[in-house]
Amino acid sequence: MSKDKIILFDDKKNCCACGACMNICPKNAIKMQEDEYGFLYPQIDENKCVQCGACQKVCAYQNGQVGNTPIKCYAAVNKDKEELMKSASGGIFAAMATTILKDDGVVFGAALDFENGHAHPHHIAVREVSQVYRLQGSKYVQSAIENTYVEAKEELDLGKKVLFSGTPCQIAGLYSYLRKGYENLYTVDVICHGVPSAKFFDDYIQYMTKKNKAKAVISYSFRDKKKGWGMNNRIGFEYASGKKKNMYIPARLTSYNTFFLDGDIYRENCYQCPYAKRERTGDFTIGDYWGIEKEHPELLKRDEFDERKGISCILVNTDKGLAFSKETKTKFYLEESSFGKIKKKNGQLNHASQKTKKRKNIMMRYKMEPYEKVEEWFHKVYRKQILVHTIYNKIPRKARLLMKNIILQVKKG
């Protein structure tokens, strides 16, 4: 047996924390551990490791994986209004998940749970339609895969249909872990900007809890639709008295979401992401159809494509995906589009997010100081932007849409 230590990565930019190495290890010698910024990286227990090398072989991120070029592209909206309003955009994933579950299948995806007031974003398995809500909505934070690759394989080997959703690197990790194809596996990758650490997000949550004199945060939505399709956050607080209250905050008025939207706090590898391109890892790629008012203005004249409720884009990337989309098409309002139109306002279909000049400053402050100091810095540096967005968000949504349309018309000519 070789005595050489296994090296999983030689630079942080070479690890995406998909968890494939942890899931494949026959001796359970690998655990995902936080670094000083809260980002997860695999660490090997040398006392358990037998140097079999399975963890290195299973690394799709470093070994590469061939992607699939989209076959069909659509603008889409879920016909079920309840599922639509629980979703961040057009409710497409919920319809897919419901289809699999009604066929006695299992669905895996990211859930944002709260345990004793602390945020825990992680992948889970859902086996009942009533639980699909846990997987709905955008999660702008890295979800820990935990043991879901192992669980998915067990279900697949039993012959059950499995729908697995995640970031492109998580889907690549799943395929690499499985090491063979499964006709009963369907995968969905999301258009991903990059992922902040769960610790950074939780520290923001703890700051908001303290600021609002609450006992704990019990729920959080990155994309609440009460005020329409967009980037409004909803935080659910519980107080010592037992009272519960929801707070709605435009994303650009919060430090965490502003840093996320500006690309300031992603993990290192996100800035060199090999999956931010046309070729996709999943059977489907889903996301918001940003820019639809320019690419398909005719659709917005129809009641079923309501910009206030959210509209999705779907890339169908494989023949299996195409067959499944035919099974589920009665659940959607579908209109064919093109990759060229969809990619214009979804930059991560073209290239990885760019590392910002502010990132080093923010991450060093976060490492050295409590989150309150990061928040103070945000309000100082972003004061003009905060003022602009405060004023903008006081304008009624209908007026904002009207202004947007006027600007588009002026640009046309």
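Trainee: Which residue lies over the face of Tyr186?

Mentor: Lys320 does, at 5.6 Å from the ring centre. Keep in mind that this is a predicted model.

Trainee: And what sits over the ring of Tyr41?

Mentor: That is the charged end of Arg267, placed 4.5 Å from the centre of the Tyr41 ring.

Trainee: Rings with rings now. How many aromatic pairs does a search of the whole structure find?

Mentor: The search finds 29 aromatic pairs. One of them joins Tyr140 and Phe222, with 5.5 Å centre to centre and 65 degrees between the planes.

Trainee: What do you call that arrangement of Tyr140 and Phe222?

Mentor: Edge-to-face. Planes over 60 degrees apart count as that, so an angle of 65 degrees qualifies.

Trainee: Where do Tyr140 and Phe222 lie?

Mentor: Both are in loops: Tyr140 between strand S5 (118-126) and helix H6 (148-157), Phe222 between strand S8 (216-221) and strand S9 (232-238). The two parts are 82 residues apart in sequence, so the pair ties them together.

Trainee: Is Tyr140 buried or exposed?

Mentor: Tyr140 is buried, with a relative accessible area of 12%. Phe222 is buried too, at 1%.

Trainee: What about Phe200 and Phe259, what do they form?

Mentor: They form an edge-to-face aromatic pair, 6.5 Å centre to centre, with 75 degrees between the planes.

Trainee: Which helices are those two in?

Mentor: Phe200 is in helix H8 (residues 198-211) and Phe259 in helix H9 (residues 255-262). Their pair therefore ties together parts 59 residues apart in sequence.

Trainee: Are Phe200 and Phe259 buried or exposed?

Mentor: Both are buried.

Terms used. Residues are numbered from 1 along each chain as its sequence is written. This is a predicted model: local features need pLDDT of at least 70, side-chain atom pairs count only at pLDDT 80 or more; totals for chains, interfaces and linings use all residues. Side-chain values use heavy atoms; hydrogens and water are left out. Rings of Phe, Tyr and Trp (its six-membered ring) pair if their centres lie within 6.5 Å; planes under 30 degrees apart count as stacked, over 60 as edge-to-face and the rest as tilted. Helices (H or I, at least four residues) and strands (E, at least two) are DSSP runs, numbered from the N terminus. Buried means under 20% relative accessible area, exposed over 50%, partly exposed in between (1.4 Å probe, protein chains only). A charge sits over a ring if NZ of Lys or CZ of Arg is within 6 Å of the ring centre and within 35 degrees of the ring normal.
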